[in-house]
Amino acid sequence: MCIRDRGIDIHKKKTGKVFDEDRQEWKDKWGKRAKEDKEKYDWLREVKPGYVAKEDGGDPFLDDRREKKVRMDKEKANMERNQRRAGMMDQASKEVAHLNASVRKLSTASNGKFEVNKIKRSKGKK
């Protein structure tokens, strides 16, 4: 059977909105505005009966904020490590280029004795 025979529309566009019955309005399923909306109206949270706060005096909201801070600190540390690694790679590539140039100079039979003259001659007019 073909998809059209079953009555399935393959060109149907998915919407990024969902209807909120409580507020009687359409809201985003995902994205920045959905997150802001969730935080704005998230004043009441259902907690399981066996819930134990991760630290003294903690609540689910505080636990979420602490977890977010830990995630952000880890992300920042990874970013700094990647930047240091990129700087080291940059420096290493410069050193390799310098070594390659000196090897090229010494790889001739004259050990680079006439290399300076070649460079001067190539810059002049023919």
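Buried means under 20% relative accessible area, exposed over 50%, and partly exposed in between (1.4 Å probe, protein chains only). The model is predicted: local features need pLDDT of at least 70, side-chain atom pairs count only at pLDDT 80 or more, and totals for chains, interfaces and linings use all residues. Residues are numbered from 1 along each chain as its sequence is written, and side-chain values use heavy atoms, without hydrogens and water.

**Exercise 1.** State what share of the protein chain is buried and what share of its contacts joins residues at least 24 apart.

Solution. Step one: the protein chain has 126 residues, and 6% of them count as buried. Step two: take contacts (heavy atoms within 4.5 Å) between residues at least 6 apart in sequence; 0% of these join residues at least 24 apart.

**Exercise 2.** Give the order of the elements and describe how β1 and β2 are paired.

Solution. Step one: helices (H or I, at least four residues) and strands (E, at least two) are DSSP runs, numbered from the N terminus. The order is α-β-β-α-α-α, with four helices and two strands. Step two: strands pair if DSSP finds at least two bridges between them. Strands β1 (residues 17–20) and β2 (residues 25–28) run antiparallel and are joined by four bridges; V18, for instance, has K27 in β2 as its bridge partner. Step three: the two strands form a hairpin with four residues between them, and Q24 in the turn has a positive phi of about 60°.
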